[in-house]
Amino acid sequence: VNFIFAFEGGAFLNFLNFNFKKGILITLLLALPLFSINMEQKSTQTIWFAQPISFLADTLKSLFASLSNGVRGTTAEYLNLLKIKSENQNLKMQMSLLQARMQVYEENQNEIDRLRTVLDFKASSKMDLIPAQIIGRDLVIDHETITINKGLKHGIKTMQAVISVSGVVGYVFRPEISTSHVMLISDRYSVVDALIHKSRAHGILEGQGKNRGILQYVDRTEDVMVGDLIVTGGIDNIFPKGFPLGIVTNVEKKSKGTSLLINTRPVIDANKIEEVFVISNANQEDFLQKSETTKKE
Amino acid sequence: MISKLISKSDTTQISKYLVFTFVFMLFCAFETSFWPNLIGFIPAPQFWLVFVFYVCVRWSERWNIFFLYFLGFVVTLYSMMPLKMAWFSLLFVFAIIYFFKNRIHSASVVTFSLLSLAMSVVYAIIYVVLSQIFENNPTTLIPVERLICFGLNFLVSVPIYWFLERLNSFFKTDIEVNENKTIKNITPVQHDL
């Protein structure tokens, strides 16, 4: 209902025109905050109609909280992974460095051991030995020779024996001024006087190439077994008597003939050695006698 | 006085033989010392043999067989191989290559590599056969090592051919250079026509 106060002029009348609906609405709008002040003051518990809303709000809050925790956790893990990765790389680098050092250390240790053995051998032997290093191999695969770094100017002569600590290597066949060519006992052209250590049966060890040899002219009545040690005979005046030459790998008794067919392999693999000795004077060294004396002792 | 006796092309030829001999010795030294000390577990490729193949193929004169004999002598300084084996095997190699090169007119690196492979096999057969004839204690087949050598010879023949071709080009005689120039001059004229 509009109460219209009529005065002079339309504008003034419009000003007094009062709308009840708007008035109620404005009153409610002002009253609700006042109610809320009252509600806050009175109760510490959630009002019944606020409970579902509160529940929903809490749920959403928890959801986002767990989500944020998840995100934070994942981010932290990712950052950790990055850190681990870089740490892993550093550790790997350190490990490879240590491995390289270890390898050098082992190589040095091996070299020290090898040189110590060589020096011990030289000191304990009464032979005059010239130490030499292997610097080359044969040009063709059909022959087995090596080149050493000692020659005529170091006192090397043709047909001098070349040995290593544990066995015979070969003999000098062509000395040059500063190098010498050594024929290995496994070369096809090599012939060495030999005897079987166990039975003292004499024979001739002939090279067959590719780390093989054959012991010829051993009487068929001799007792020769696989694994027997063959040593130098000493008759050829090149090698000292009783120094290891090879090992028996196979024995055959021919149906015809008076000798055994004995296959051997050298004690020394010339592809694996680096240092050798050239015997300049054997001084009548007899390793057979030496080994027997040691046995008796 | 000496310059009157020896012409420029003769000097070039002599220096060519000297340089190629030196290179041959380098190859032999590399094969016997450097390779076994580093890669001792694999047999070395036969650099010297590929060099011999190159000389047989690219140096056309028949009297180069004497240079091969000289190379054979050099080989015996690096090996236990007797001179008779070196010379006979090289003679056969020269004869076989001479027979084929006049029938196959191809001068490419691929042809040379294939020829190196084939001749490596032929050389091995020749050596084994000659060893049976001439040596008291003949060589055996040694199949694995030889097969590896064949393969390696095939592989190294490419860089060796390239290197020796470069080296050979320094020692071309005046006649060869003039021949090349003539060919180069003629070709565009023919093209224009």
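Predicted model: local features only at pLDDT ≥ 70, side-chain atom pairs only at ≥ 80, totals over all residues.

Trainee: How many helices and strands does chain B have?

Mentor: Helices (H or I, at least four residues) and strands (E, at least two) are DSSP runs, numbered from the N terminus. Going along chain B from that end, the elements read α-α-α-α-α-α-α-α. The tally for chain B is 8 helices and 0 strands.

Trainee: And what share of the residues in chain A is buried?

Mentor: Chain A has 4 helices and 12 strands, and its accessible surface (Shrake-Rupley, 1.4 Å probe; for residues, only the protein chains shown count as cover) is about 19,400 Å², 60% of it from carbon and sulfur atoms. Buried means under 20% relative accessible area, exposed over 50%, and partly exposed in between (1.4 Å probe, protein chains only). In chain B, buried residues are 42% of 193. For chain A, with its 297 residues, the buried share is 33%.

Trainee: What percentage of the contacts in chain B with a separation of 6 or more comes from residues 24 or more positions apart?

Mentor: A contact here is heavy atoms within 4.5 Å. Take the contacts with a separation of 6 or more: in chain A, residues 24 or more positions apart account for 55%. In chain B, the figure for such residues is 75%.

Trainee: Now the interface: which helix gives the most to the side of chain B that touches chain A?

Mentor: On that interface, 27 residues of chain B contact 22 residues of chain A, and there are 14 residue pairs in polar contact, both at pLDDT 80 or more. A polar contact is a pair of N or O atoms within 3.5 Å; within protein, one must be able to donate a hydrogen and the other to accept it, and residues adjacent in sequence count only if both atoms are side-chain atoms. Helices H2 (8–38), H4 (64–78), H6 (109–134) and H7 (143–169) of chain B each supply at least two residues of the side that touches chain A. The one giving the most, with 6 residues, is H2(B).

Trainee: Which residue of chain A forms a salt bridge with B:Arg146?

Mentor: A salt bridge is a side-chain nitrogen of Lys or Arg within 4 Å of a carboxyl oxygen of Asp or Glu. Between chain B and chain A the count is 2. For B:Arg146, the closest N and O atoms are 2.5 Å apart, and the partner is A:Asp142.

Trainee: Does A:Tyr217 count as buried or exposed?

Mentor: A:Tyr217 lies in the loop between S8 and strand S9 (229–232) of chain A, and it has a positive phi of about 65° although it is not a glycine. Because its relative accessibility is 59%, A:Tyr217 counts as exposed.

Trainee: And where is A:Asn211, which has a positive phi of about 60°?

Mentor: A:Asn211 isn't a glycine either, despite that phi. At 28% relative accessibility, A:Asn211 counts as partly exposed. Its place is the loop between strand S7 (202–209) and strand S8 (212–216) of chain A.

How values were computed:
Residues numbered from 1 in each chain as written. Chains lettered and ligands numbered in written order. Heavy atoms only, no water.
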